[in-house]
Amino acid sequence: MQKPKKGLLIILSGPSGVGKGVVCKALMERNPNLKLSVSATTRSKRPGEIDGVSYFFKTDEEFKRMIVNDEFLEYTSVYGSNYYGTPRAYVEEELAAGHDIILEIDVHGANQVKKCCPFAIAVFLAPPSMSALKSRLIGRGTEEPEVVERRFGEALYELRQAEKYDYIVVNDVLDKAVTAVEHIISAEHMRVFRRLDFVEDLEGGSKKQ
Ligand code: ADP
Ligand code: 5GP
């Protein structure tokens, strides 16, 4: 994908239970201009989840058809069971419109996006400690104990992927973690290649005076 001039493609990932969902929710509430990419998944709906809002819930067949039709920017089988993927069209449209878009995806998906879109800004959300991670996974109460164990077991591998990211944000106090991501977004908007037009306009204006 071509590097967009204005819109940022932000990846937020990290181990299951670290708080990606709540950090994203707070970011959306506090920054109405930030768009969230809704992923497609074959996993079953949790109580309270809404199709098209939490995820696009798909059957295996539907998901595989989307793969064949090249409808995903990235996709992966997370924790060896269910498929998850980022629908390509929405991301491309939002970036073309100059909007910032955030992908809440796992470390494998983040790797794929960095390959196809090297301009993407990858933020790794880390837990303050492994015991906090475990309590959050258990405390959420959405998975069976063996699923919690499997996800916790993957966390060490996922932590080792952090070195490939651009930023590491520790989600200790939620509000601080959200503010840290907001600071990253603000700073990225001030990158020279995104601000050169502004300076060129200033130069153009000075010639007219
Ligand atoms: P993920 O999306 O990374 O799997 P969630 O956003 O579902 O994680 O968060 C997992 C659990 O941890 C939730 O119950 C959430 O309320 C809790 N949690 C998230 N961030 C914090 C935090 N900073 N302090 C305490 N609890 C948190
Ligand atoms: P959950 O089942 O708890 O909603 O999500 C499990 C994992 O899948 C989380 O780590 C989440 O970030 C990841 N995930 C959600 N959507 C996508 C996606 O579109 N692509 C990838 N690669 N991972 C995703």
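1. The lining of the second largest pocket draws at least two residues from each of β6 and α6. The largest share, three residues, comes from α6. Helices and strands here are DSSP runs (helices H or I, at least four residues; strands E, at least two), numbered from the N terminus. A pocket is an open set of points on a 1 Å grid over the protein atoms alone, where a 1.4 Å probe fits and protein lies on both sides within 12 Å along at least five of seven lines; lining residues have an atom within 4 Å of a point.

2. The model is predicted: local features need pLDDT of at least 70 and side-chain atom pairs count only at pLDDT 80 or more, while totals for chains, interfaces and linings use all residues. Residues are numbered from 1 along each chain as its sequence is written, chains are lettered from A and ligands numbered from 1 in the order in which they are written, and side-chain values use heavy atoms, with hydrogens and water left out.

3. The volume of the second largest pocket is about 240 Å³, a volume being the space filled by probe spheres set on the grid points, which are joined across faces, edges and corners. Its lining has 15 residues, and Arg43, Asn82, Glu143, Val147 and Arg151 are the closest to the centre. By class, the lining of this pocket holds seven charged, four polar and four nonpolar residues. Ala, Val, Leu, Ile, Met, Phe, Trp, Tyr, Cys and Pro count as nonpolar, Asp, Glu, Lys and Arg as charged, and the others, Gly among them, as polar.

4. The largest pocket has a volume of about 1200 Å³. It is lined by 41 residues, with Gly21, Arg46, Glu49, Tyr55 and Glu104 nearest its centre. Elements that each supply at least two lining residues are α1 (20-30), β5 (72-78), β6 (82-87), α5 and α6 (145-160). The largest share, seven residues, comes from α1. The lining of the largest pocket divides into 15 nonpolar, 13 polar and 13 charged residues.

5. Ligand 2 is surrounded by 16 residues, of which Ser39, Arg43, Tyr55, Tyr84 and Asp106 are the closest; a residue is counted if one of its heavy atoms lies within 4 Å. An oxygen atom of ligand 2 lies 2.5 Å from a side-chain N or O atom of Tyr84. For the side chain of Ser39, the distance from an N or O atom to an oxygen atom of ligand 2 is 2.7 Å. A polar side-chain atom of Thr86 is 3.4 Å from an oxygen atom of this ligand. Ligand 2 taken alone exposes 510 Å², and the protein buries 96% of that; accessible areas come from the Shrake-Rupley method with a 1.4 Å probe.

6. Around ligand 1 there are 14 residues, and the closest are Gly17, Lys20, Arg140, Asn171 and Asp172. A polar side-chain atom of Arg140 is 2.7 Å from an oxygen atom of ligand 1. A polar backbone atom of Val18 lies 3.3 Å from an oxygen atom of the ligand, and a backbone N or O atom of Leu174 is 3.4 Å from a nitrogen atom of ligand 1. Taken alone ligand 1 exposes 560 Å², of which the protein buries 72%.

7. Ser131 lies in helix α5 (residues 130-140). Ser131 counts as exposed because its relative accessibility is 52%, exposed meaning over 50% (1.4 Å probe, protein chains only).

Definitions and conventions: Buried < 20%, exposed > 50% of the residue type's maximum accessible area, 1.4 Å probe, protein only. Polar contact = N/O pair within 3.5 Å; in protein donor to acceptor, adjacent residues only side chain to side chain.
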